[in-house]
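This report describes a structural model, going from a single residue up to the contacts between chains. The sequence and structure come first.

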There are 4 protein chains.
Amino acid sequence: MKKLNVGMIGYGFMGRTHTNAHRQVNAFFDIPFQPILKAVAGRRQDAVREFAARWGYESWVTDWRALVERKDIDLVDICVPNNLHAEIAVAAAQAGKMILCEKPLALDVEQGRRMVAAVDKAGVPNLVSFNYRRVPAVTFAKMLIDEGKLGRIFHYRANFLQDWTISPDVPQGGTATWRLDVAAAGSGVTGDLLAHCIDTALWHNGPITRVNAMTETFVKERMHADTGKPQPVGIDDACTFFCRFANGSLGNFEATRYARGHKALYTFEINGEHASIRWDLHDLHRLEWFSHGDEGKLRGWRSIHVTDHGGEQPYMDHWWVPGLQIGYAESFVHQLADFLVAIAAGKPCAPTFRDALQTQKVCAAVLKSAAAGAWVDLPKE
Amino acid sequence: MKKLNVGMIGYGFMGRTHTNAHRQVNAFFDIPFQPILKAVAGRRQDAVREFAARWGYESWVTDWRALVERKDIDLVDICVPNNLHAEIAVAAAQAGKMILCEKPLALDVEQGRRMVAAVDKAGVPNLVSFNYRRVPAVTFAKMLIDEGKLGRIFHYRANFLQDWTISPDVPQGGTATWRLDVAAAGSGVTGDLLAHCIDTALWHNGPITRVNAMTETFVKERMHADTGKPQPVGIDDACTFFCRFANGSLGNFEATRYARGHKALYTFEINGEHASIRWDLHDLHRLEWFSHGDEGKLRGWRSIHVTDHGGEQPYMDHWWVPGLQIGYAESFVHQLADFLVAIAAGKPCAPTFRDALQTQKVCAAVLKSAAAGAWVDLPKE
Amino acid sequence: MKKLNVGMIGYGFMGRTHTNAHRQVNAFFDIPFQPILKAVAGRRQDAVREFAARWGYESWVTDWRALVERKDIDLVDICVPNNLHAEIAVAAAQAGKMILCEKPLALDVEQGRRMVAAVDKAGVPNLVSFNYRRVPAVTFAKMLIDEGKLGRIFHYRANFLQDWTISPDVPQGGTATWRLDVAAAGSGVTGDLLAHCIDTALWHNGPITRVNAMTETFVKERMHADTGKPQPVGIDDACTFFCRFANGSLGNFEATRYARGHKALYTFEINGEHASIRWDLHDLHRLEWFSHGDEGKLRGWRSIHVTDHGGEQPYMDHWWVPGLQIGYAESFVHQLADFLVAIAAGKPCAPTFRDALQTQKVCAAVLKSAAAGAWVDLPKE
Amino acid sequence: MKKLNVGMIGYGFMGRTHTNAHRQVNAFFDIPFQPILKAVAGRRQDAVREFAARWGYESWVTDWRALVERKDIDLVDICVPNNLHAEIAVAAAQAGKMILCEKPLALDVEQGRRMVAAVDKAGVPNLVSFNYRRVPAVTFAKMLIDEGKLGRIFHYRANFLQDWTISPDVPQGGTATWRLDVAAAGSGVTGDLLAHCIDTALWHNGPITRVNAMTETFVKERMHADTGKPQPVGIDDACTFFCRFANGSLGNFEATRYARGHKALYTFEINGEHASIRWDLHDLHRLEWFSHGDEGKLRGWRSIHVTDHGGEQPYMDHWWVPGLQIGYAESFVHQLADFLVAIAAGKPCAPTFRDALQTQKVCAAVLKSAAAGAWVDLPKE
């Protein structure tokens, strides 16, 4: 097993989930690489030092450039706010590093294009961390679609509902609330939440051709954590859009941070000619399934506990025993395992930067449509 | 369509559900009889008169004997407290009336035997109102068992949990709370709630051979509504028993009125070699189904909305359209329809008095076992 | 109690639900009128005769005009396809009859306006049968909103998903499938299903100011039941729209008959500042409730079994006992009881024809928006 | 942070869960010890070597005695079949090691007593791995009970239902199926599954005073994996018992491996005067809660997603963000964190060997009761 030196940039929520994956992957998956926690970069010295100690990084730096330039780093793992993705990723590509980048790809399509160009030119393996693809139930849905079990698709529906910004006292900017600051995040729920829904939808259901959207900012002004002063809110608090897919099906998407009672209600439902599928992140180990092919009087929605079935359910034979669930964090382990296997095989691992650029384009079209109050076509690829 | 004159005895909760069935049955079922609300009997003149007017009875009396003696009554419908069933039913049988009697059959096995002897001797049609058998999902369960879909049965489990007597301020006796008075009810949850569970279980799963039970009376003394004075409580507040069925399966039953949060949680679950079934009265239009015969990776519990499927689900093609549920009251309509069709065909309709006597025997064995702290065998039939 | 002579027009699915309500209302509700099933009108003599006999109508006619002209009819109950509502309702109003009309109000806004003008001019009581308002859980939701328990509303979401027209072999037109024939129905899911969602939404959440919609007709041609020949399909098979409410909240609505696995999945969810509400027609006796005011660590979605609570939950103290559910049909009984009480009090009963015209206008705006691919404003009232 | 050298004995399913905990605990919990994977013992050289390499153990041995004797081992972690617990634990205690032992404590009460005596004499920290106590929702239930939120307890109900041994082709003995071999396991579902239920119940609800049980062995003979020959089955395939708790409440417990459709349906329900609690291992991150103290009309069962709430829900502030669930494996991390904190503080950590002996006694009483067909009293402690 070959060692693979990891340089992590960032040590927040995503820095933790990615690091955990690097530490766990070899115990559960037989893969040709062993990630070594070589270095972590972060701006605040005391915080990055504490993080390095807790998680077992061999070293730390306060300037990400120093990390990218190190010869002994094989893979750069980017876990910083969206506005820093492009610069770091381009530098890492130029330095010949493999790159694992948090989602969304970038602040905007233009940045995304530059990132794709950079990895293409450098020929380095690259992956964007749309981790929900690799929740076993979600991967299982893709498997069922690919087996043709759903037939023609009529509807694709997805929501991502949260409630954490209802209070106007939540600030914008800073470390914990940069997602509310348009300068750091690029957009609100569209880039943060809908990007997940769109990534999964494009994977499950193919290209989106047109979108029509509505956005709203319920709280118009919030204190900025950096300045301590009220500042206009530039992000979308809520976004709804419907769309058409190239396969003829209709899409309906919604995300908000003002849905009281929901913390992370990412749900999707796919209605096909022969069968339908539903999933909900709150109970991520279950897939709901309805098959018209069942004996008529016995038809009903099944709640499938996706925890193994003899190895036929994705990833689960690597964990415990049937009936015992895994959690959120394991999706990052699966993502890393797949990435490392693909690297060893010299193959791309989806969603690549190029794949994620498509999601970025849909997000951009959604925001444009909402601003214009009109349908926006996606460019043909 | 022949008219069938109904004489109702009692006008409480059950008097209402039975009367409603008599009024509705012909609109929804094609049956050879038309029930006519001829007379109702009740002890309190003002109450019985008001009831007769509201529900459209042609006449009323305050003495049930007067009703039973009337020549123009074809069917006597007994909806009074348990301690009156035997006397009325025997008189009605002797008068040659058809009899529909509320459950449980009687106060005790001895009374039950006399009732069976009376209807046998008179040769009159008779039915005990274990109405839950005829909730469509429960009947559907029986159909699936009879089709052999479950294979060998390993376990039968049933609960009936309520919470309405937790407060010691609830009185015993009187009109509304006679179920807490052992003189009127014969027993507590065993006769009131477990009798339902046992009736369904005997129907679904065959004879019970042995029982082992535990009972408890949590509130030892309650004011009696008739005397206004505290009096020892003679009923069982809670009862748990396990048992063996003749088919080799194990049973586990429990009822209580001290399960905070449950109003009418009658549930059963049957585990067979090939499939399992679950049901819950709180959502009575659904049946949960698990089939080992499903494709392995897609196995899961199905929630079947039992609301038609092309007429294959019991009773439901008589009501509305698929997806639209019926309620509790319709089970009495089904019961009446089946009874009237059987009468016209000259066939018995289960559960007859004789069938219900078996349930009475199991209840008696349960109470005996709890008192003795030992297994009690059911007599071979 | 005063007798109120009912003349029913139509004897299909809705003719049955309305007639059932006329027969049941006095047994369960103390109201100042007793509906008398005086006459029913239907085009096919054998069918209307059989219906009259089954349900106890005193007489029948094959021409609705004959019924409307009868002096002894007090209330005309319109249960025919949408394209006949206007002509019948206007004639009934001119004849001075009280009118109960099935939903949607009319084929289009113009017809609706004429109907409103006719009942206004005649001064007759009028009600449109958006029965789902009077499912207890739905009425309960309105009560909670009116108590201010939700605070500022951010989101209103409603779906009505079915799957019965996926097969291209389902015909259009005729008795059973007139809802697929644009000439009889006026529109597809918009008038049939979304009209219900919109009626409830306007009641719960106030006026809609703008809509933006997408529709699709998946099966372009179906055999017409009258001609036996293939004919283009003129209805919308699916419709999605988002909108803005006057209170600042965002709406998201969808209906389809191509959602495999759903028979009647009418759901709504309301997200307020302090609390959220969800409901699903498939389990109509439950309301889901989330309150931010609950003790923090114990917050969660509650599943409230709306079956009484001491008379505080709407309508349920008229039926059975807590824990025992009612079904779909009872919503029509509630509707009738409310209508008759309002008539006696000389007050309007919502949704009146005028109220229903607003729903008609929203439906029209939705269809217009979908055709134009653009936002459509609702006129200020 | 002090290093704590771990010697693991066994490398099966439990060896994996415990090792994972040793590797993860410091990243998520601030505790005074850092577990070092010093050595692992296992009988099959190739297997133990592979396990050591995969999980990062510094060394391996094939004789557990060699491991126990090593001076550089601080904590012995026993993850072997039940029949080996006593011998290893006694030796480890005599060698002065801290001990973490898989459940159940021992094969029988006599072995258990010796183990307790050994750790008492040696004065070494000891813990039995009843890991389900430390699923956050289960710990949360204990917290709510201790806060007095339930009031007087009336009922405690627990099930543990599986379906993996229905086929008579499943062998007994060997590595994968030693749980079916009475020589290795001591008992069947009683020691394997009910032991978990009993441990939780004693913790939640206090001592059990009397039990009355029924057991069954559905498949009487199975091939033995060691001999390849059919051999009588000595374990209980299913066990049901009811009991009385010292606090006056009634218990009802059941476990089986013949409940088609259930993989790991460990559920419990507690009914108190003021509130009730339900939990299900299949969705382990949720707790169901019903409070009579809620506003009457809004009472209902709440589904609490136990994933943080501001740090008030046990353990969850150490993981991700609200709404994102953890899985089965994390319960072992919590257990280890609590154990290490207690060791540092010089305090016992429940369930100690002595605590687990109580569970062993209840299991023994259950088996004795089933054999005798009679109530069995638990000795007063």
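## A residue in chain C

Leaving out residues up to four places away in sequence, C:Val189 touches C:Leu194, C:Asp236, C:Asp237, C:Ala238, C:Cys239, C:Ala255, C:Thr256 and C:Arg257. Two residues are in contact if their C-beta atoms, placed from the backbone, lie within 7 Å. This is a predicted model, in which local features need pLDDT of at least 70 and side-chain atom pairs count only at pLDDT 80 or more, while totals for chains, interfaces and linings use all residues. Residues are numbered from 1 along each chain as its sequence is written, and chains are lettered from A and ligands numbered from 1 in the order in which they are written.

C:Val189 belongs to helix H8 (residues 189-205) of chain C. Helices (H or I, at least four residues) and strands (E, at least two) are DSSP runs, numbered from the N terminus. C:Val189 has 27 C-beta neighbours inside 10 Å and therefore counts as buried. A residue is buried if 20 or more other C-beta atoms lie within 10 Å of its own, exposed if 12 or fewer, and partly exposed in between, with C-beta atoms placed from the backbone. C:Ile235 is 46 residues from C:Val189 in sequence, and the C-alpha atoms of the two are 7.8 Å apart in space.

## Chain A as a whole

Chain A has 10 helices and 17 strands. Its radius of gyration is 21 Å, close to the 21 Å that the globule rule gives for 381 residues, so chain A is as compact as a globular protein of that length. The radius is taken over C-alpha atoms, and the rule is 2.2 Å times the number of residues to the power 0.38. Along the principal axes, the C-alpha atoms of chain A fill a box of roughly 65 × 50 × 40 Å.

Of the 381 residues of chain A, 64% are buried. Among contacts in chain A between residues at least 6 apart in sequence, 67% join residues at least 24 apart.

## Domains of chain A

Chain A is split into domain 1 (2-132) and domain 2 (134-326 + 358-372), with bounds that come from an automatic or database domain assignment. The C-alpha centres of the two domains of chain A are 25 Å apart. Domain 1 of chain A puts 16 residues into the contact between them, and domain 2 of chain A puts in 21 residues. On the domain 1 side, 10 of these residues are nonpolar, four polar and two charged. Here Ala, Val, Leu, Ile, Met, Phe, Trp, Tyr, Cys and Pro count as nonpolar, Asp, Glu, Lys and Arg as charged, and the others, Gly among them, as polar.

## Helix H6 of chain A

Eight of the 11 residues of helix H6 (residues 136-146) of chain A are buried, so this helix is largely enclosed by the rest of the structure. The buried residues of H6(A) include A:Phe140, A:Leu144 and A:Ile145. Helix H8 (189-205), S14 and strand S15 (286-291) of chain A are what the buried residues of H6(A) pack against. Just after H6(A) comes A:Gly148, with a positive phi of about 80 degrees.

## Helix pairs in chains C and B

How do H5 (residues 109-122) and H10 (residues 353-372) of chain C pack, at what angle and with their axes how many Å apart? The angle is about 170 degrees and the axes are 9 Å apart. Axes are lines fitted to C-alpha atoms, for helices over the stretch in contact, and angles run from 0 to 180 degrees between N-to-C directions. H5(C) and H10(C) are therefore roughly antiparallel to each other. Angles under 35 degrees count as roughly parallel, over 145 as roughly antiparallel, 65 to 115 as roughly perpendicular and the rest as oblique. Residues of this contact include C:Met115 and C:Val116 of H5(C) and C:Leu357 and C:Ala364 of H10(C). By class, the contact of H5(C) with H10(C) has seven nonpolar, two polar and three charged residues.

In chain B, helix H5 (residues 109-122) and helix H10 (residues 353-372) pack at about 170 degrees with axes 9 Å apart. That makes H5(B) roughly antiparallel to H10(B).

## Contacts between chains

Chain A and chain C each give 29 residues to their contact. On the chain A side, S7 (153-161), S8 (208-216), S11 (238-245), S12 (250-256), S13 (265-272) and S14 (275-280) each supply at least two residues. S12(A) gives the largest share of that side, four residues. The chain A side has 14 nonpolar, 11 polar and four charged residues.

The contact of chain D with chain B takes 29 residues from chain D and 29 residues from chain B. S12(D) supplies the largest share of the chain D side, four residues.
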